[in-house]
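Work through the exercises below with the sequence and the coordinates at hand. Each task is followed by a stepwise solution.

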Amino acid sequence: MKLWKTILTAAALVLSAGTSAFAARDLVIGITLEPPHLDPTAGAAAAIDEVLYANVFEGLTRIGPNGEVLPALAESWMISDDGKVYTFKLHTGVKFHDGTDFNADDVKFSLDRARADNSVNAQKGLFAAIDTVEVVDPATIKITLKNPQSSFLYNMGWGDAVIVAPETAATNKEKPVGTGPFRFQNWAKGSSITLIKSDTYWGAPVSLDKAEFRIVPDAAAAVPALLSGDIHAFPFFPDPDSVAQTKDDPRFKVVIGATEGETILSINNKKPPFDRLQVRQAISFALDRKAIIDGASAGLGVPIGSHMSPANKAYVDLTGLYPHNVEKAKELLKEAGLENGFKATLKLPPPPYARLGGEIIASQLRDVGIDLQIVPVEWAQWLDQVFTKKDYDLTIVSHTEPNDIDIYSRKDYYFNYDNPTFDKIIADLSLTSDEAKRMTLLGEAQKILADDAVVGFLYELPKAGVWDAKLEGFWENAPIQANDLTKVKWTE
Amino acid sequence: MTLRFDIPEENFADILVKAFTNRSFLTGFAITIVVAAVAIVSFFWTPFDVTRLIIADKTQAPSPAHWFGTDHFGRDILSMIMVGARNSIAVALVAVGIGMGVGVPLGAFAAARGGIVDEAVMRLNDLVFAFPALLSAIMITAIFGPGALNAIIAIGIFNIPVFARVARAGTLAIWPREFILAARAAGKGKTLITLEHVLPNIVTLLLVQGTIQFALGILAEAGLSYVGLGTQPPMPSWGRMLFDAQTRMVAAPWMAIFPGMAIVVTVLGLNLLGDGIADILDPKSRRQR
Amino acid sequence: MTVYLLKRLAIALITLVLASMVVFAVLEIIPGDPARLMLGLNASADQVELLRNQMGLNAPLALRYLHWAGGLLSLDFGRSYTYSVPVIDLVRERVVVSLPLALIALALSTIIAIPVGLFSAGRHGRAGDTIAMGAAQLGVAVPNFWFALMLIYLFAVWLRLVPSGGFPGWSAGVWPALKSLILPAIALALPQAAILARVTRSALIEVLNEDYIRTARAKGLPFRAVLWRHALRNAMIPVLTILGLQFAFLLAGTIIIENVFYLPGLGRLVFQAITQRDLIVVESVVMLLVAAVIAVNLLVDLSYAVVDPRLRSRQ
């Protein structure tokens, strides 16, 4: 017996040697999705930006922790009076990680490449307003727009608009070379991506020596990885409901921030019976947002009544328009001649907000007589069936792009919503630069969407971040999907 | 699992006596009956309604009201396990049915015909066997969409060669027997002989294999549901319950413990039952006792 | 003998070719468009079409099959849609996780199962046998993913002895890499060990009833010596068969376990590739696993022929 104990203790000692021995300037950070490749200018996957944005690649401008536009490779800029010519003054002495110099030629190359006809940039719309890009001198670049665009500086801060070098542009997918404070070291496919501090960085040096992005595919694996100390930080924790259980643990800091993700129950507006206003309104009345938020996001989400983030200046609170009211919902269904209810499908993409929320919504709609069949789909199928072919009744998805209310005016968008009045407002909006007028227009747009009950507006997706209590400097909110590590450091 | 092909030649009373003195059989039988009873009761009564989500009651620890606690949607875990039993049994039973229904005729036919037909059937078997069952089940459910029905089909397909092999081996062992020769001499056709003489004699073999495959089916369904490809909500399933539990192991360990135990007990019961039947009907094991 | 060998080999080859057709045919009907997936929500139809052409998705089916099958033979598995690297590179990276994992699990399972089988057979019918076989029954009944979950919370979260998942890579050192394979290997090995112990026991008991063992015992050899020296060697045939089958199973059947421990192995590669509709990867990895199963089955068949002379003469 004694022998056994000795052996076990010895084994424990051997096993534990080296588990917690990491240098205090190293960071292991968890991400859910593995990027398909490492070139932010050639793919829409948010996972690419989660690793590389602000860390390895930089653009002319960058987006700050609260969604503000900050200077990056451009130290300053001038805008002509007609709002069409932007002249950027670039930082000098900037080097790419391969040792080559950065200058205005690289900017011209990057922007021309992104907006070329054969470009595979996933956000070509960002560059649509650009008419010409001219190199004035190595430290100055002049961009002329076809028409004034109020969001241009913001657009240039996207991950899709980062500056790459002509020499390495073709190989960035495998071996990214940028100008940022970290340079790429290694990508163990399916496992992790490692960045190390760049010694030649032009800006303020970072505190971390090494950052390993470890791919932890789901909440089930993320919870024990955090609890066991294998991973120090999980800024985008995949499942808010399960992060709640680490809240009382003094080893961790749980930070709930805002995202730009309007989580909605999307409705196929052309498909009967959803083409009828009463039916869509009945669904809105049948939804109990509190139960959905409590059940799918541990009570952390902020309810919304239209397609706008509550953090946005233009936000109008419309959550009172359709309070949870089963009787009213049944009445509306009766008016629509559907007093016996009907059957429909609910296609759910993989994220927990959709899968958990879907079960709750199915149960709530059953209470008013709508019998939903839950169909779980992978993203590939969702994109194909729901988004492209519009072969769906209902689905749940979080629209994480900022300021994206215009999607309801897009022709052929998957909501199948068509309202000329709304389209007119969006068209006016793009031509209006007066701030007050814009707010009014955006308010009207929100009201129309709510009145039409285009979709079931649920809540603003919370960003549940959790990290070691000894770490600081992470973004609390998620204006864009990025893990900016430039300010992250260990406090002891 | 090796099976022996001797045919018992004893009367029913002897078998009954042996059954009641066989520990494996008794334990397995008792567990199986209890699980089946729970599943049947769930059709008429469960402590709570499993289709109603009461978010306010989420993840409550076991208590006199909720013996096994509640899950993340406030549903009673005991009630869900009861309904889940029904689901597990249904999936495994149909999958075994598919395996037997297709595999036994194939195997018996191949053995009776021999030659090219036998060869073709066995090569087809090889082909199915070459695909690791779980991998293929995941592929099938990924292509045709997750769901109980596709899980049944996926599991069922991989039961076919198993039963075909057992039926073929059993048939081959019986075919040279005198009573078969007599029947052939009397001018009976192969199909008739297979139906009248061969099948009744390999039924016990199939029964034993059936319980084994039944148990494997329950594990397979749990595995598929666990990776999200089996039974879909709102229908409760044991594997699905474990899937939901895994992210809440700290806050609500009971969500993982009780469904896991339900699977273990059920599979254990079926395996014991299968062992017991094999023991009782197998003359070789009698000799050893 | 030679005829038997050739016949087995031919059968294995035919199965392989048929399997490749099944794999290719089945995967072509997976719904979903990889080009659309790669470009994301806001891509236009033109961009998607451009990428489809780049990836050769528009070529006729038969041509694509021949191209693919020809590639397999020359170990050119094509390029992954999602990773845009040759599939063979992915496989090479993953196989160094899955193969050691399967081998460790197999070794563990054997180390546990053979002594338990010997122990049980030696005490056939007595209390020790009943307890050991009861434990084996339990082992067969435990779902390995549930067992894995329990192991993670016990050894990684609570005791903090081993990592909860992930794989640091062999470049991080042999010990850290091995350490992250311990729990998954145990989770995989347990049910296999339980099955193997039962097979070993019943094979031993059968051998112990053979005449030559009775003779050996009648000559006064101690039971233990008979058990180890004569019985075990003769009982090895069915045991080895099961071991061979288990190896194939372990190599392929790690999908769920690799997901629980998020190990970057072949199982997770194929699971991810299925969800991302990365057809080329799915086809290649499935074919590889199928080929492994066929190869191991062939080896088992051949070893039968070597060991059992009756089988040789019958052919």
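**Exercise 1.** Find what share of the residues of chain B counts as buried.

Solution. Buried means under 20% relative accessible area, exposed over 50%, and partly exposed in between, with a 1.4 Å probe and protein chains only. By this rule, 55% of the 289 residues in chain B are buried.

The model is predicted: local features need pLDDT of at least 70, side-chain atom pairs count only at pLDDT 80 or more, and totals for chains, interfaces and linings use all residues. Residues are numbered from 1 along each chain as its sequence is written, chains are lettered from A and ligands numbered from 1 in the order written, and side-chain values use heavy atoms, without hydrogens and water.

**Exercise 2.** Describe the secondary structure and extent of chain B.

Solution. Step one: take helices (H or I, at least four residues) and strands (E, at least two) as DSSP runs, numbered from the N terminus. Chain B then has 11 helices and zero strands. Step two: along its principal axes, the C-alpha trace of chain B spans about 75 × 45 × 30 Å.

**Exercise 3.** Determine what share of the contacts in chain B between residues at least 6 apart in sequence joins residues at least 24 apart.

Solution. A contact means heavy atoms within 4.5 Å. The share in chain B is 70%.

**Exercise 4.** Characterise the packing of H8(A) and H10(A).

Solution. H8(A) (residues 289–297) and H10(A) (residues 352–366) pack at about 145°, with axes 9 Å apart. Step two: list residues that meet; among them are Ala291(A) and Gly295(A) in H8(A), and Leu356(A) and Ile360(A) in H10(A).

Terms used
Axes are lines fitted to C-alpha atoms, for helices over the stretch in contact, and angles run from 0 to 180 degrees between N-to-C directions.
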